[in-house]
Amino acid sequence: MALFRITVKSTYSNNGVRVEKGMSVEVVSKYSNPLSTNGGKEVQDAFIRKYGFDIKKAGNFSSAY
């Protein structure tokens with residue numbers, strides 16, 4: 001298992017959700033890329049736990065952002 005830190009690269013607002021540059025979560029995963037495995041469910045759950053919003057609903061859920 002590996003520990004990944006997922007950090008937002010730029011500020012944006014979409015679908016009523018504001019995402020700020022620098023927001024980050026840590027995810028422990030047995031996969032090599034938690035963003036693309038299982039549709040990013042581990043990362044999505046981590047953002048909900050830490051910040052209380054669904055990062056997928058905010059859009060731009062990719063390694064580019």
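The dialogue below goes through charge pairs, a surface patch, a loop residue and rings.

Tutor: This is a predicted model: local features need pLDDT of at least 70, side-chain atom pairs count only at pLDDT 80 or more, and totals for chains, interfaces and linings use all residues. Residues are numbered from 1 along each chain as its sequence is written, and side-chain values use heavy atoms, with hydrogens and water left out.

Student: How many salt bridges does the structure hold?

Tutor: General idea to start. Side chains of opposite charge can pair when their charged atoms come close. A salt bridge needs a side-chain nitrogen of Lys or Arg within 4 Å of a carboxyl oxygen of Asp or Glu. The structure holds three. One joins Arg5 and Glu26, at 2.4 Å from N to O. That pair links distant parts of the chain: Arg5 is in strand β1 and Glu26 in strand β4, 21 residues apart. Strands are DSSP runs (E, at least two residues), helices are runs of H or I with at least four, and both are numbered from the N terminus.

Student: Which residue forms a salt bridge with Lys41?

Tutor: Asp45 does, with the closest N and O atoms 3.2 Å apart.

Student: Which residues make the nonpolar surface patch?

Tutor: Patch residues have over 30% relative accessible area and no salt bridge; nonpolar side chains (Val, Leu, Ile, Met, Phe, Trp, Tyr) are joined within 5 Å, like charges within 9 Å. Here Met1, Leu3 and Val28 make a patch of about 380 Å². Leu3 lies in strand β1, residues 2–7. Leu3 counts as exposed because its relative accessibility is 56%.

Student: Where is Asn33?

Tutor: Asn33 is in the loop between β4 (24–29) and α1 (41–51). A polar atom of its side chain lies 3.0 Å from the backbone nitrogen of Leu35.

Student: How many aromatic pairs are found?

Tutor: Rings of Phe, Tyr and Trp (its six-membered ring) pair if their centres lie within 6.5 Å; planes under 30 degrees apart are stacked, over 60 edge-to-face, and the rest tilted. The search finds three pairs. Ring pairs link Phe47, Tyr51 and Phe53 into a cluster.

Notes. A polar contact is a pair of N or O atoms within 3.5 Å; within protein, one must be able to donate a hydrogen and the other to accept it, and residues adjacent in sequence count only if both atoms are side-chain atoms. Accessible areas come from the Shrake-Rupley method with a 1.4 Å probe; for residues, only the protein chains shown count as cover. Buried means under 20% relative accessible area, exposed over 50%, partly exposed in between (1.4 Å probe, protein chains only).
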